[in-house]
Amino acid sequence: MPSLLIVDPCAQTRLVLTPLLTEQGYQLEFLADGKAALALLWEKAFEIILVDTTDPAAGGESLLEALNGIDPGRSQKRAAFARSGDAVQRERLLGMGCDAVLEKPINFHDLTWVLSDLAEA
């Protein structure tokens, strides 16, 4: 299974997703903010990046913008968590290069389906 970087400031997300996704074979790495993720991405490649954009202080949208500058060839797939029901944010994230947008609170069926789809693309 592919390598997956999840950028999310919520410790509970890490606690819940780690067993679910490692059981499915993903090689996981979690970071709490976009700045730390950007620094790591200069050193290490991931096949899929999942970014929480619901907390502006975590810098998720800034990370997505920066990725467009450092990886215009799109060597990785990108997905983002958005606020539930926020169609404007969803469209903005798709326009920023996300391949998929998921809502928070997390629907685990949707998450596993989207990640599986991205891994196969």
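This is a predicted model: local features need pLDDT of at least 70, side-chain atom pairs count only at pLDDT 80 or more; totals for chains, interfaces and linings use all residues.
**View 1**
Helices (H or I, at least four residues) and strands (E, at least two) are DSSP runs, numbered from the N terminus. R78 has a relative accessible area of 0% and is therefore buried; the term buried means under 20% relative accessible area, exposed means over 50%, and partly exposed lies in between (1.4 Å probe, protein chains only). The side chain of R78 makes a polar contact with the side chain of N68, at 2.7 Å. A polar contact is a pair of N or O atoms within 3.5 Å; within protein, one must be able to donate a hydrogen and the other to accept it, and residues adjacent in sequence count only if both atoms are side-chain atoms. Strand 4 as a whole is mostly covered, with 5 of its 7 residues buried.

**View 1. Parallel pairing of strands 1, 3, 4 and 5.**
Two strands pair if DSSP finds at least two bridges between them. Strand 1 pairs with strand 3 in the parallel sense over 4 bridges, and V7 stands opposite V51 in strand 3. Strand 3 in turn pairs with strand 4, also in the parallel sense, over 5 bridges. Here V51 stands opposite A80 in strand 4, and D52 stands opposite F81. Strand 4 and strand 5 run parallel and are joined by 5 bridges; the bridge partner of A80 in strand 5 is V101. Between these two strands the chain passes through helix 4 (residues 87-95), and this β-α-β crossover is right-handed. Right-handed means that, with the strands pointing away from the viewer, the path from the first strand over the helix to the second runs clockwise.

**View 2. Strand 3, covered on both faces.**

**View 3. S3 and L5 in strand 1.**
S3 is buried, with a relative accessible area of 10%. A polar atom of its side chain lies 3.0 Å from the backbone nitrogen of E47. Leaving aside neighbours within four places in sequence, S3 is in contact (heavy atoms within 4.5 Å) with Q27, A45, F46, E47 and I48. L5 counts as buried because its relative accessibility is 0%. With the same exclusion of neighbours within four places, L5 is in contact with E29, L31, A37, L40, L41, F46, I48, I49 and L50. L5 and L50 are 45 residues apart in sequence, yet their C-alpha atoms are 6.2 Å apart in space.

**View 4. The largest nonpolar core.**
A nonpolar core is a set of buried Ala, Val, Leu, Ile, Met, Phe, Trp, Tyr and Cys residues joined through side-chain atoms within 4.5 Å. The largest has 18 residues, of which L5, L41, I49, L63, L64 and L93 touch the most other members. At least two residues of this core come from each of strand 1 (3-7), helix 2 (34-41), strand 3 (48-52), helix 3 (60-70) and strand 4 (77-83). Another core, of 16 residues, lies apart from it and has I6, Y26, I48 and L115 among its members. In soluble globular proteins, nonpolar side chains tend to be buried together.

G60, L63, L64 and L67 are buried in helix 3. The buried residues of helix 3 fall within an arc of 100 degrees seen down its axis, so they line one face of the helix; the arc is that of the directions from the helix axis to the C-beta atoms. The elements covering these residues include strand 1, helix 2, strand 3, strand 4 and helix 4. E65 and G69, on the other side of helix 3, are exposed.

**View 5. The cis peptide bond at P105.**
The peptide bond from K104 to P105 is cis, with omega near 5 degrees. P105 is found in the loop between strand 5 (100-104) and helix 5 (108-120).

Terms used. Residues are numbered from 1 along each chain as its sequence is written. Side-chain values use heavy atoms; hydrogens and water are left out.
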